[in-house]
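Here are my notes for you, point by point. Keep the structure open next to them and look up each residue as you read.

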Amino acid sequence: MPANRFNGFTDYGIGIGLRSPHYNHILTRKPVVDWFEIISENFMIDGGRPLHVLDQILEQYRVVQHGVSMYFGSAHRTDREHLKRLKDLVKRTKTPWLSDHLCWGSVDGRYTHDLLPMPYTFEAAAKTAQKIRDVRDYLEVPIAVENVSSYAEFHVSEMTEWEFLNEVVECADCGILLDVNNIYVSSQNHSFNPFDYINSVPPERVAQIHIAGHSKYEKYILDTHDHPVIDPVWKLYDRAIQRVGHTATLLEWDDSIPTFREVHNEALKANRFLAKSVLARAV
Amino acid sequence: MNLLTLQRTMAKAVMHPLTHSEHMSKRTPTGEPMAEHAATFIKPNDRLSSFERLEIYNRQYWWRLMSSLAEDFPGLQAILGNRRFEALCKAYLVARPSRSFTLRNLGRDLEAWQRKNPQWAGSKQPIALDMVRLEWADIEAFDGAAEEPIKPADITKSAGENLRLRLQPYVRLLKFHYPVDALVLEIKKFNDDTEFLSNAFRERRKRKRVSAVAKLKPKTIFLAVHRIDYSVYFRRLQAPEYHLLLALQKGETLGRAVTDTFSKRSKTLKADLAQVTNWFQNWSNLGWFCVLTKNPEPNLKRR
């Protein structure tokens, strides 16, 4: 679904991540880009160049915030300093929605700075949903939770990952940032059919889609965001678009970052599938 | 196992230091076989054991945090050498795991911890501490808050004994026992110059840099770490400049700061005042002053 209450009723197209190696190109060449996604934590600071660049970007482009350390699934409550800084940034960017991951990464005040997988239990779902509601009430902006890629599963899990995702978003009444690359990576690491995942997601809750590349090792795949999108991931994206419709799509490329043009061209490949979706609806 | 227990169990394993060969330790902190421990909460699959699945996260944690510290403290790494730097960082992260949502703050406690644990830097402790202080000040100056600077003319108009000037939040004033700023600048230049060069060339330049470290002799310097147009600069100060600025930063009135700074000097008053005027002109042109208040009452103590 394009515009819905989880993406602030916006109709964004294809975007790319705002990354420092591209700052100069963007500010001097002013390329046509539908929107940029920023990593909130990079701008939750007091001043200096990053905020100066952000303000210049905001004058010319639409920006959406994506976080990496909210840790909705952590057993402990969210750090108040974090929330305050995040709210200041939300007011600055006027982001139409805010996303972060369905994961945990801190406990007892210590941070791993990683996106650690959740145990898929009803206890975890309930606590995570409550946290999402609390954060949404404080920030006063729609929230979308992203499915992460994972390399471990827990004995205590009571359901599949997609059942867990559905349980959380229903209880929290929040949106989904559907990362089709993460679904692919996890499906290979945990031997499930990725289309089962895609086919179970409630389409009306999908606010945004992520696509990305990854790295293949002998016994597992690592979500590295440093390669082009491979065909199996495009196939998942195609299926996702068939189910949810023309939806804000973001290419993540966070390491070994090539030129702006290369990243943007890779992102624009999504148009093949978005165009099919528009045609299918017209017929 | 409930959610909190599972998270505590996994976090403890993830944060446990790697072996010298950068693999997960075979033993838990309490001496239990790690493979058995991992199997109690992580499922194996057809390709990886529970241990191997947990190891992915354990290695990612250490590689991510160690590379973050290496990026923030290249000068310290140059002084200590790679092996000693890694050992110091590992000990620091075990003692002071990250307590902030952002990696930007990972090195926040490094100076304090290093002072209490001098054994990790060994004989290099004095210069290593200087370097840590400078590199942390660089980080703080880069993204510190800034307020509207006041114009030089406004200072001149309002000049008076009871004037209180406030420094920009991003300005850092430091005294060092070694000229570590020169090394940091050499390292930054090295990284800029060699970004696209071959490994062999980088290694030769790196050896030159290391020998430059070895030649650094003790020399007291005073430095302001500040920024111009969003880039961080180091500005060497004369001792009275430093003391005067420090007094202002602490909230002293202009009159008191000048009196305290020059009371011990032997130069004539006229020359002193001319120099102070020149300094203020430079500092205000740099945009270092941001608040102007006239308050005859001392405001240094908390009520």
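1. Start at Val180(A). Leaving out neighbours within four places in sequence, Val180(A) is in contact with Ile209(A), Ile211(A), Val233(A), Leu236(A), Tyr237(A) and Ala240(A). Two residues count as in contact if their C-beta atoms, placed from the backbone, lie within 7 Å.

2. A word on what you're looking at. This is a predicted model, in which local features need pLDDT of at least 70, side-chain atom pairs count only at pLDDT 80 or more, and totals for chains, interfaces and linings use all residues. Residues are numbered from 1 along each chain as its sequence is written, while chains are lettered from A and ligands numbered from 1 in the order in which they are written.

3. Together with Val145(A) and Ile176(A), Val180(A) touches the most other members of the largest nonpolar core, which has 142 residues. Such a core is a set of buried Ala, Val, Leu, Ile, Met, Phe, Trp, Tyr and Cys residues joined through C-beta atoms within 7 Å. "Buried" here means that 20 or more other C-beta atoms lie within 10 Å of the residue's own; with 12 or fewer a residue is exposed, and in between it is partly exposed (C-beta atoms again placed from the backbone). Helix 7 of chain B gives the most to this core, nine residues. In soluble globular proteins, nonpolar side chains tend to be buried together.

4. Now find the barrel in chain A. Eight strands close up in the order 1-2-3-4-7-9-10-13, with parallel pairing. Neighbouring strands of this sheet are turned by 30° against each other on average, direction ignored. Helices (H or I, at least four residues) and strands (E, at least two) are DSSP runs, numbered from the N terminus, and two strands pair if DSSP finds at least two bridges between them.

5. Which strand of chain A has seven of its seven residues buried? That's strand 10 (residues 206-212), so it is largely enclosed by the rest of the structure. On one pairing, strand 9 (residues 175-179) of chain A runs parallel to strand 10 of chain A over four bridges, and Leu177(A) stands opposite Gln208(A). Strand 10 of chain A also has four bridges to strand 13 (residues 249-252) of chain A, again parallel, with His210(A) partnered by Leu250(A). Helix 8 (residues 231-244) of chain A lies across strand 9 and strand 10 of chain A, at about 165° to strand 10 of chain A. For angles like this, axes are lines fitted to C-alpha atoms, for helices over the stretch in contact, and the angles run from 0 to 180 degrees between N-to-C directions.

6. Next, where the chains meet. The contact takes 40 residues from chain B and 38 residues from chain A. On chain B, helix 1 (3-14), strand 1 (42-43), helix 3 (50-72) and helix 7 (125-143) each supply at least two residues of the side that touches chain A. That side divides into 24 nonpolar, eight polar and eight charged residues; Ala, Val, Leu, Ile, Met, Phe, Trp, Tyr, Cys and Pro count as nonpolar, Asp, Glu, Lys and Arg as charged, and the others, Gly among them, as polar. Strand 8 (residues 153-154) of chain A even pairs with strand 1 of chain B, antiparallel over two bridges, and Phe154(A) stands opposite Ile42(B).

7. Have a look at Ala124(A) too, in helix 4 (residues 122-139) of chain A. Ala124(A) is buried, with 26 other C-beta atoms within 10 Å. Not counting residues up to four places away in sequence, Ala124(A) touches Gly73(A), Met118(A), Pro119(A) and Leu3(B).

8. Finally, the sheet in chain B. It is open, with three strands in the order 3-4-5 and antiparallel pairing. Strand 3 (172-176) and strand 5 (231-237) of chain B stand at the edges with a single partner strand each, so one side of each is left without a neighbour in the sheet. Strand 4 (residues 221-228) and strand 5 of chain B share seven bridges, and Val225(B) stands opposite Phe234(B). Helix 7 of chain B packs on this sheet, touching strand 3, strand 4 and strand 5 of chain B.
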